[in-house]
Amino acid sequence: MDLPFIDTENDIHLNLSVVLLIISKLGKSNRGVLKLNNERLHIFHYLVKNPIELNKVLSSLGKGGIILQAKDAYSITSISPNLDPLFDRGGLKSILSILISKGLINVEFKKNDGFFYSINDKGVSISKGLNGDFFQEVQLICEKLKSVLSITESKLSQTLNQIIRKESI
Amino acid sequence: MSSSILINQLVVVGVKKDYTVNFNRGVNIIYGDSATGKSSILNLIDYLLGAKHFSLYPEIESVGRYAVLDVTLNQDRYTIKRDIYDASKLIEVYPCSYVDVESYPSKKYLPSFAPSAKHPGLGFFSEFLIESLNLNNIMIKQAPSKSDSKLSRLSFRDVFKFCYVDQDNLGTKKFLRSDNYALQIRNTEVFKYIFNTLDSQISDVEKNISEKTNMRNELDKKFKTVAEFLRESEFGSMSNLDDDVSSADLDILSIEKQLVSLNERVSSDDEVYLAIQSTLSEVTLEKKAVQQRMEENELKIERFSRLKNEYLIDISKFKSSISARELIGVISDDICLCPVCDNSIAVDVAKSKFDIPSSDKINYEINALKKRVKDTEGIINESKKIWEFDKEKLSKVVSVELEARELFDKNTKELSTPYLAERDMFVNKLGQLKQKRKEYVSRLKIRNQHNHFMAHIESLDISIGNLQDRLEKLKDNAPSMSAVLESLADNLQEYLKFIKIKDPTGVSYTEGKFIPKLRNIEYQNITSGGLRTIMGIGYLCALMKESLNSQMSYPSFLMIDTVGKYLGKTKDQVHSKVETSLVEDEKEAVSDPSKYQNIFEYIINLSEEYEKKNRICQFILVDNDVPDHIVDKLSGFIVAHFSSERLNGLPVGFIDDVKT
């Protein structure tokens, strides 16, 4: 389907870059424990792309907020967020496939928790080059999300569900 | 101040009709055959003035219900009503003549001094009479010579004994000297009382005065206390209160008038009000329109701002995408091995899910977005300008509206508020006035009640004044009994001379017992019954005469039953030989009709003397058959004349319609 304009949501490089940045910042805890499985990565990916929702989740978890930029707070997305990506796992799988084929991330399988993703040296060198306005913002958000790593996926998804349900009422 | 009893009318109220005898001032004569009820008339009067009992005679018993006496005691008229069958029933007294009895309440009295358990607190009839006659209410010593003698109350009956002599007593030896010693003593004490020569008389009057003065002072104190209270509470005097009530009435009337005129004025002056009201509604409408446009513009600004931000976000994302493409490089369609399992990863399938626009296309898009940002900014600015303009306009409209509303309010205030306020004021004042009027009226009532005190005090003052007069006279004259007896003896002798009895000498009264003597023989020792009758009447007439000239406690009232007893003037008089000696009667020539006539003439002269002094007296004389030649002279004094044979159409008796 060709539309007369390009949707940034669907831009492959943008998506690859964001996921790469999330994995590079949040892949391992400070003590080197693997943290990102499919579930958590999926939630983080959504939150990073929707700073308004992120802010609500953070304050609901008692982790303080991020400083929103005026254009983020006062946008169309802010009053009607796109919920589709939350129910689409295929998009994230494709991005991960490409990142793996490019040799930018490592994958590990743990029997109880599934796949865990971490960045490798090649990935680090590339992620360091990502420093436009938008990427800087993503990195700041990721820093903030470090405080959420200790929270279980189920608790995280429960909180997000509550917020979305509240808004949809 | 002399006392007087004046009988106006005696009525026996019967089943079918009332039986009435009317009486006049001065001499009244009742005569007729025996057993026609003449004496019953006197008995009834006696009974109605408190006698213990009344012996009914058959005619009255068969038709009567109760008896009524219309009597004037001193100045005040009373009607006394008493049951004729039961003497112990209460006696009713109305303060009016018999005709007006219906319109006054009666006061009830006990007929005797015997205390009654049935009617505690009721007064005694005797005290009522003594009070009404302004006699001194005293206690009489049962043994005057002893200082610690028992005292008994003076009864009106004690005094009335000297006013009434019935046919059984007149001329008998017992008259004037009772067989009962105690009664004799009592009678002499009452005799002294009548002449105000009782030892205790002065102190009694003083006591009476002090009692009445105390009562008066108490009342006066009460009156003053109340007066002071009323004054302190600014109660307003009687006349002031009257004025207050009438002025309140006037005020009420004028305010009611003003209210009516106010109601008429309110309905005009409406046009200005309507004009202001329409202007105001126009301005308000305009204000609403401006406000709505402003709201629309605000919404526009918000929406385009959000859109602009969205564009800006997209621009930064596209820029990031371009830089990322340089870093990540071209994504090849190679099949690569999964690092975990042995499967291969189909990158091309993954790639196909996303857009991979060319850098040129992205750059073009960025430029397009930038242009759109500019456009939206233009729209936003435009909207802002309009909004600013509207804001200014709004403030203007608001101020205009404010002005109009103020004008409207002011107008409303000026037009209707004063009316309302005025109305309120009037209504308020009207209520106040009405309340005030009510208060004044109730105050007037209290004032009237208060003045009642004053009336009572005044009547007490009069009574005290009289008593003091009497005290003065008592002190000045200090009548001694011997002087009184001298004077009485003079009266008696004058009477006897007038009757023209033989040898009217040796006339005096015994000291101590006060019994008259003729030719130095005491009354009861006179053998001629006729002479005793003449003496007995003379004794009473001497009292009446004395009462005319000096201060006495005697009511100037005399009833004599059968004046001609023992006088042998009539054909068929039969008297007991025990009571009178016919030989002595013959010797005294008492049956001479001129003597009989002289008795009447003396009494008539005496009553004329009273008239001359403008004093009230009343004689009621009863006899069987007055000789014809005397009747002609006395006809003017006859109040009742009965004949048992109904001769010349005369009534058969006091009760004239009983068939026997």
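Buried, in these notes, means under 20% relative accessible area, with a 1.4 Å probe and protein chains only. I'm working from a predicted model, where local features need pLDDT of at least 70, side-chain atom pairs count only at pLDDT 80 or more, and totals for chains, interfaces and linings use all residues. Residues are numbered from 1 along each chain as its sequence is written.

**Chain A**

I looked up burial first: of the 169 residues in chain A, 50% are buried. Next I checked the accessible surface (Shrake-Rupley method, 1.4 Å probe). For chain A that is about 8400 Å², and carbon and sulfur atoms hold 50% of it.

I then went through the elements, taken as DSSP runs: helices are H or I of at least four residues, strands E of at least two. Chain A has nine helices and three strands, in the order α-β-α-α-α-α-α-β-β-α-α-α from the N terminus.

I also looked at contacts (heavy atoms within 4.5 Å). Taking those in chain A between residues at least 6 apart in sequence, 68% join residues at least 24 apart.

**Chain B, helices 12 and 13**

How do helix 12 (residues 481-499) and helix 13 (residues 529-549) of chain B pack? I get an angle of about 125° and axes 9 Å apart, the axes being lines fitted to C-alpha atoms over the stretch in contact, with angles from 0 to 180 degrees between N-to-C directions. The contact includes Leu488(B) and Tyr495(B) from helix 12 of chain B, and Ile534(B) and Ala542(B) from helix 13 of chain B.

Notes. Chains lettered and ligands numbered in written order. Heavy atoms only, no water.
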